Amino acid sequence: MSAASCFRNQNPGTVAVVLGAYDLRRRERRSRQTFSISSMSENRYDPQQNLNDLVLLQLDREANLTSSVAILALPLQNATVEAGTRCQVAGWGTRRSGGRLSRFPRFVNVTVIPEDRCRPNNVCTGVLARRAGICNVSAPRGGRRGLER
């Protein structure tokens with residue numbers, strides 16, 4: 001699973017999927033596994049409104065489960081993730097649009113926020129004490145949109 005926005009201007013056939021990596025500047029031969037994408041399943045991603053920014057990737061072969069590569073349990077299909085649920089988000093993304101990728105994965109603890117503060121059919125999370133978050137949150141007319149760092 002990845003963000004659909006990561007593939008917006010990419011041919012999936014030219015992308016390498018890397019599992020088990022920690023330091024993007026080192027080779028880590030023992031833990032790193034590299035794959036090609038055999039198929040992609042999009043979730044009606046809308047880049048203009050940044051909706052459904054999620055894609056499922058089918059790798060060209062099975063991954064070896066190790067201390068660095070594990071299966072992540074996800075909610076069942078059509079399950080509701082209740083407001084107040086605590087989650088952890090991790091990745092090598094950028095801190096701002098156009099910024100450099102992080103060398104090491106970054107982790108942030110977030111909380112699912114109420115549906116009335118989010119777009120329909122989306123799960124929005126935030127670090128409300130720091131005004132940070134993962135998706136845009138509706139603000140009152142004239143107010144700020146989105147949870148930002």
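**Reading the terms of a predicted model**

Modeller: Met1 lies in the segment before β1 (16-19), where strands are DSSP runs of E with at least two residues, numbered from the N terminus. This is a predicted model, in which local features need pLDDT of at least 70 and side-chain atom pairs count only at pLDDT 80 or more, while totals for chains, interfaces and linings use all residues. Residues are numbered from 1 along each chain as its sequence is written, and side-chain values use heavy atoms, with hydrogens and water left out.

Colleague: Why is Met1 called exposed?

Modeller: The relative accessible area of Met1 is 54%. Exposed means over 50%, buried under 20%, and partly exposed in between, with a 1.4 Å probe and protein chains only. Met1 is therefore exposed.

Colleague: Which residues make the nonpolar surface patch with Met1?

Modeller: Met1, Leu54, Leu56, Leu72 and Leu74 make a patch of about 510 Å². Patches are made of residues with over 30% relative accessible area and no salt bridge; nonpolar side chains (Val, Leu, Ile, Met, Phe, Trp, Tyr) are joined within 5 Å, and like charges within 9 Å. The areas come from the Shrake-Rupley method with a 1.4 Å probe.

Colleague: What makes the contact of Arg103 with Asp23 a salt bridge?

Modeller: A salt bridge is a side-chain nitrogen of Lys or Arg within 4 Å of a carboxyl oxygen of Asp or Glu. The closest N and O atoms of Arg103 and Asp23 are 2.8 Å apart, and the pair forms a salt bridge. It links distant parts of the chain, 80 residues apart: Arg103 is in the loop between β4 (86-91) and β5 (106-112), and Asp23 in the loop between β1 and β2.

Colleague: Are Asp23 and Arg103 buried or partly exposed?

Modeller: Asp23 has a relative accessible area of 5%, so Asp23 is buried. Arg103 has 30%, so Arg103 counts as partly exposed.

Colleague: How many salt bridges does the structure hold?

Modeller: The structure holds 3. Among them, Arg32 bridges to Glu28 with the closest N and O atoms 3.4 Å apart, and Arg61 meets Asp60 at 3.3 Å, N to O.

Colleague: Why do β1 and β3 (55-59) stand at the edges?

Modeller: The 3 strands form an open antiparallel sheet in the order β1-β2-β3. β1 and β3 each have a single partner strand, so one side of each is left without a neighbour in the sheet. Two strands pair if DSSP finds at least two bridges between them; β1 and β2 (33-42) pair over 4 bridges.
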